[in-house]
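Okay, thanks everyone for coming. Let me put this one up on the screen, and then I'll walk you through a few spots in it.

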Amino acid sequence: MKTNEFNYELPEHLIAQHPLEKRDQSRLLALNANDGTIRHYHFPDIRHLLKPGDGLVINNSRVIPARLIGRKRYTNGRAEFLLLKQTLLNHWEVLAKPAKRIKAGTEVIFGKNDLRAIVREEKDEGLRIIEFITERPVFEVLEELGEMPLPPYIHEHLDDRERYQTVYSRHKGSAAAPTAGLHFTKELIEEIESMGVIIIPVTLHVGLGTFRPVQAEDIEAHEMHEEYYEITEESADAMNRIKSSGGRIVAVGTTSCRTLESAMCNGGSFIEAGSDWTRLFITPGYQFRWVDVLITNFHLPESTLLMLVSAFAGKDLVMESYRQAVDASYRFFSFGDAMWIER
């Protein structure tokens, strides 16, 4: 398939620039892939779409202040790093800007020499392996010097960092938020649990694989970057029990969906606990083995996320739902509205 088959027209004013005052005030477009029906709700109405015995799978990864802006030692030139994944104790893979001017051996200073980084390895596509030089834990210093890695289409300042975190975020490691979870409040989650829905945490640290744009003309030529995921024994057992008893697995976000589809055992009949790295690229034609319902935001044109959603519900139906969402002035992307997709 061609990448441009996943393009659509989006007026710029529909790109949400800030979160709503309350997380669950967002709208919810419900798409049924079985009969093609589209209905319009508000996010708290998800209580009426979930059923007792469902498993609601959430990604509890926490976004780190992964954007660091510093100065190169000796030349004083600007250097920007977006931290993608930790490779060793103080070693990270980063996306560097301007990459052509940041070579192996370059030393970058952040703050008032509070943190230093030395480029140890050059990789393709602007990627670098750096080593932080610090006497303090890197995560501690990042809280002081780092900025939240908001997407480039968001131009407004975010006053409250927690609004780019889910209320259930726990494990630090993501370079972008699993945005489908931003709509949930603690109160809504408690109410959903009281209905008999099982809340099941998994972890996928969002990195370059999720938000890197597709630049290849044919989608088959796009290579996903690996992302780390983890599923505990408790979560795997809960999901396997739900599936065996006929319940539905409801994945909150494309990251939860990719985690579950990546963790299927070889025979495809149950979820395996453990941790691993995934490069799974889900495109139309993929046979989903585990996820029954997907809760997700509206995604960028020609993105891997839109391709995953199109694989889940059918490209033509998804593109029609996007057209209707534009006509109905839904808010798009990270701080935008949500979809409920069942199949």
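So, ring pairs join Tyr8, Tyr153, Phe298, Tyr322, Tyr330, Phe332 and Phe333 into a cluster. By a pair I mean Phe, Tyr or Trp rings (for Trp, the six-membered one) with centres within 6.5 Å; planes under 30 degrees apart are stacked, over 60 edge-to-face, and the rest tilted. By that rule we count 15 aromatic pairs. Take tyrosine 8 with phenylalanine 332: that one is tilted, at 6.1 Å centre to centre and 40° between the planes. The two partners come from distant parts of the chain, 324 residues apart, with tyrosine 8 in the segment before S1 and phenylalanine 332 in the loop between H8 and S17.

Before I go on, this is a predicted model, so local features need pLDDT of at least 70 and side-chain atom pairs count only at pLDDT 80 or more, while totals for chains, interfaces and linings use all residues. Residues are numbered from 1 along each chain as its sequence is written, and side-chain values use heavy atoms, leaving out hydrogens and water. The helices (H or I, at least four residues) and strands (E, at least two) are DSSP runs, numbered from the N terminus.

Now H8, residues 315-327. Its 13 residues reach 18 Å from first C-alpha to last, close to the 18 Å expected, where the expected span is 1.5 Å times one less than the number of residues. Its buried residues include Leu317, Val318, Met319 and Tyr322. Among the elements covering them are strand S1 (27-32), helix H7 (304-313) and strand S17 (338-342). Just past the helix, serine 329 has a positive phi of about 60°.

H3, residues 186-194, buries Leu188, Ile189 and Ile192. Looking down the axis of H3, the buried residues fall within an arc of 100°, so they line one face; the arc is taken from the directions from the helix axis to the C-beta atoms. Over on the other side, Lys186, Glu187, Glu190 and Ser194 are exposed.

Last stop: arginine 279, in the loop between strand S15 (274-278) and S16. What does arginine 279 touch, not counting residues up to four places away in sequence? The answer is Glu223, Met224, His225, Glu226 and Arg258, with contact meaning heavy atoms within 4.5 Å. The side chain of arginine 279 also reaches the backbone oxygen of methionine 224 at 2.8 Å. And arginine 279 counts as partly exposed because its relative accessibility is 45%.

Technical notes. Buried < 20%, exposed > 50% of the residue type's maximum accessible area, 1.4 Å probe, protein only. Polar contact = N/O pair within 3.5 Å; in protein donor to acceptor, adjacent residues only side chain to side chain.
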